Amino acid sequence: VLSGTLPAGLTLAADTGVISGTPTASGKASFTVKATNSAGSATKDLTITIGAATTPTPTPTPTPVPDSGKEPPAQAGGQDASVSNVGSAPIITTKLLKDGVVETFYTARLVATGTLPITWELAKGSELPKGLSLNHKTGVINGTPTLKETVKFTVNATNSEGSVSKEFTITIEEKAVPGIAPKITTTSLNKGAIGVSYLMQLTATGDETILWLLESGSLPQGLSLSETGEISGTPTEKGTATFKVKASNSAGEDDKKLTIIVEEESKVPSETDANSNQNNSFPWLWVILALLSLVGFGAIVAMRKKRQ
């Protein structure tokens, strides 16, 4: 209870959220409760109204009449004077109990109407799934299941007026293996050129199937992103495009900013240009040959002088 108070005589179980007890005074109580787990918390305002206890009206005793061979008159309300309406035996109103998961905390509550207090117990020979227990005062079944199994059991609800039984089933499933969320491994993308076909495959680790989408920004004109992570098309405009992609699967998601640069189409040399370049290289060839000739001639002259 975060603020306010429960009605006198009632308490809140911190581990199960069950409010129970025997009210001792009539009136209205407003309070705020807070629920917390490892992921966060939430609060809510609640109110409980306790009405005044009603005192059962005594059943009137029939007035003796002389035996005249006739039946005595019916009592007011048309009910037999010998039937008492004070108190009622329990009626279990819970229809089903939820299933659980191995190694995951479980809690459920059995509910019954009837004269309070009502106590709960397992019928002879009945057992709950391993790791669970029944609170005899509140009817709460909780604990941490330790085994995959389906268990049928019978509970008894008892008060001062009688007892009632009901069969329930709880199935405990295996704990699901945590999935692996995507992790985008693509760090950069190739450049593109106007009018030249472009193809790049985005990559990510994680459980299959991974779906891709463009989360923000835009691709270069002429390119598109498929659900399988393929960026393809033919760029039509020069420029730099920065965008964010998202990869997602059943276990989670990941996103990353990427950039594609589109440049002008590269000029491919023509056959005429190639011949022209080849012709232009001839003068340089003659110069090189001339130099080699001079070097050779000089070496021959030097050798002759040495012999003389």
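A surface patch is made of residues with over 30% relative accessible area and no salt bridge, nonpolar side chains being joined within 5 Å. The legends below describe close-up views of a predicted model.

**Figure 1. A nonpolar patch on the surface is formed by Ile 288, Leu 289 and Leu 292.** Together, these three residues have about 290 Å² of accessible area. One of them, Leu 289, belongs to helix α2, which spans residues 282-307. Leu 289 counts as partly exposed, because its relative accessibility is 41%.

**Figure 2. Asp 99, Glu 103, Glu 173 and Glu 174 make up a negative surface patch.** Within this group, Glu 103 is placed in the loop between β7 (100-101) and β8 (106-109). Glu 103 is classed as exposed because its relative accessibility is 55%. The backbone of Glu 103 is also shown in this view: its phi is positive, at about 65 degrees, although Glu 103 is not a glycine.

**Figure 3. Phe 153 and Phe 168 form a tilted aromatic pair.** A pair of aromatic rings is described by the distance of the centres and the angle of the planes. The count of such pairs in the model comes to one. The ring centres of Phe 153 and Phe 168 are 6.4 Å apart and the ring planes stand at 35 degrees, so the pair is tilted. The two residues come from distant parts of the chain, with Phe 153 in strand β13 (residues 149-159) and Phe 168 in strand β14 (residues 162-173), 15 residues apart. With a relative accessibility of 1%, Phe 153 counts as buried. Phe 168 likewise counts as buried, at 3% relative accessibility.

**Figure 4. A salt bridge joins Glu 263 and Lys 191.** The count of salt bridges in the model comes to three, and this view shows one of them, between Glu 263 and Lys 191. The closest N and O atoms of the two residues are 3.4 Å apart. The bridge links distant parts of the chain: Glu 263 is in strand β23 (residues 252-263), and Lys 191 is in the loop between β15 (183-184) and β16 (192-193), 72 residues apart. Glu 263 is partly exposed, since its relative accessible area is 37%. Lys 191, at 53% relative accessibility, counts as exposed.

**Figure 5. Glu 215, Lys 246 and Glu 253 are linked in a network of salt bridges.** Lys 246 forms a salt bridge with Glu 215, and the closest N and O atoms of this pair are 3.4 Å apart. Because Lys 246 lies in strand β22 (residues 239-249) and Glu 215 in strand β19 (residues 211-217), the pair ties together parts that are 31 residues apart in sequence. The side chain of Lys 246 also meets that of Glu 253 in a salt bridge, at 3.5 Å from N to O. Lys 246 is buried, as its relative accessible area is 16% and the class of buried residues covers values under 20%. Glu 215 counts as partly exposed, with a relative accessibility of 35%.

**Figure 6. The peptide bond from Leu 116 to Pro 117 is cis.** The omega angle of this bond is near 0 degrees. Pro 117 is located in the loop between β9 (112-113) and β10 (119-122).

**Figure 7. A cis peptide bond runs from Glu 208 to Thr 209.** Here, omega is near 0 degrees. Thr 209 is placed in the loop between β18 (204-205) and β19.

**Figure 8. Thr 144 and Gly 100 are 8.9 Å apart in space, from C-alpha to C-alpha.** In sequence, Thr 144 and Gly 100 are 44 residues apart. Thr 144 has its place in the loop between β12 (140-143) and β13. At 36% relative accessibility, Thr 144 counts as partly exposed.

Key: Residues are numbered from 1 along each chain as its sequence is written. This is a predicted model: local features need pLDDT of at least 70, side-chain atom pairs count only at pLDDT 80 or more; totals for chains, interfaces and linings use all residues. Side-chain values use heavy atoms; hydrogens and water are left out. Patches are made of residues with over 30% relative accessible area and no salt bridge: like charges are joined within 9 Å, nonpolar side chains (Val, Leu, Ile, Met, Phe, Trp, Tyr) within 5 Å. Accessible areas come from the Shrake-Rupley method with a 1.4 Å probe; for residues, only the protein chains shown count as cover. A salt bridge is a side-chain nitrogen of Lys or Arg within 4 Å of a carboxyl oxygen of Asp or Glu. Lys and Arg count as positive and Asp and Glu as negative; His and the chain ends are not counted. The place of a charge is taken as NZ of Lys, CZ of Arg, CG of Asp or CD of Glu. Helices (H or I, at least four residues) and strands (E, at least two) are DSSP runs, numbered from the N terminus. Buried means under 20% relative accessible area, exposed over 50%, partly exposed in between (1.4 Å probe, protein chains only). Rings of Phe, Tyr and Trp (its six-membered ring) pair if their centres lie within 6.5 Å; planes under 30 degrees apart count as stacked, over 60 as edge-to-face and the rest as tilted.
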